[in-house]
Amino acid sequence: MAKNSYLLRFDDICPTMNWAVWEAIERELLLHDVRPILAVVPDNRDPGLMLDPPAADFWERVRRWQALGFTIAVHGYQHLYTNRDKGLMKLTPHSEFAGLPYETQLDMLRRALAIFAENGVRADGFVAPSHSFDRNTLKALAELKINVVSDGLWPWPHQDANGLFWVPQQLWRFSPKPAGVWTVCLHHNKWPDKTLQLFRSELAKYASRMTDVAAVKAAFAGRPQTLGDRISAFHNLMWYHRVLPALGALRRTLVPSRQGA
Ligand SMILES: [Zn+2]
């Protein structure tokens, strides 16, 4: 594995997603032999993810992706934000899971797994909608033996005391990074053509540095989290998710918009 390697993660995979864009993406993935994490919504009820009529062969496609070595993660249950709990990650102000009682979360995850099982799909991991989960979510995941979580701003993967293997997810676009395992999280449903073009050129550029969850697990299983990981994640949270957005907002206030000029 390259010293700085990259994983791709696509969120909001469901029967009513934007299929034209997805099919173009899938062609690129196969062309470059890239096996991403696909965050599949088991029973989507979020109107924001309803772009196309439901694909009748959706689960057949999911089974094919899994057979190709793509990591199929449970992306919540219904993708509905029922409360405003930031959870452990503190990235977004709403959640499907964080803040709910343990039994409720366990029940939602059981239902999610039942849908996967009915359709012959294995749950390779968990991706929380809106990055929001809490200690009860983690307890329920460990209980249900969903042992891989894609989230966290640390540079390296680690395994925690409950046996959960954490594959960090720090980026929302490709960018040059130092040593680490960098997951780029993408949401393709509303991509205009120019975003698809950019994806094509970035993937070609980064193709030799791409890895997959199986290789990451083989390399890092059992690695404990270090103090350095925590310091790096704290810096990442403060700089990229607090300071830079605040500076951007300040700049927009001070520099008049050119819109309408
Ligand atoms: Zn989502």
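Predicted model: local features only at pLDDT ≥ 70, side-chain atom pairs only at ≥ 80, totals over all residues.
The chain contains seven helices and eight strands. Its C-alpha trace extends over about 55 × 45 × 40 Å along the principal axes. The radius of gyration is 18 Å, and because a compact globule of 261 residues would have a value near 18 Å, the chain agrees with that expectation. Buried positions make up 35% of the 261 residues. Among contacts in the chain with a separation of 6 or more, 76% are made by residues 24 or more positions apart.

Helix α5 comprises 14 residues, spanning positions 193-206. From its first C-alpha to its last, α5 reaches 20 Å, close to the 20 Å expected at 1.5 Å a residue. Three residues of α5, namely Phe199, Leu203 and Tyr206, are buried. The directions of these residues cover an arc of only 75° around the axis, and they therefore lie on the same side of α5.

The cover over the buried residues of α5 includes strand β1, at residues 4-13, and helix α1, at residues 19-31. On the face of α5 turned away from its buried side, the exposed residues are Asp193, Lys194, Gln197, Ser201, Ala204 and Lys205.

Technical notes
Residues numbered from 1 in each chain as written. Helix = DSSP H or I, 4+ residues; strand = E, 2+ residues; numbered from the N terminus. Expected span 1.5 Å × (residues − 1). Buried ≥ 20, exposed ≤ 12 C-beta atoms within 10 Å, placed from the backbone. Arc of directions from axis to C-beta. Contact = placed C-beta atoms within 7 Å. Rg over C-alpha atoms; globule rule 2.2 N^0.38 Å.
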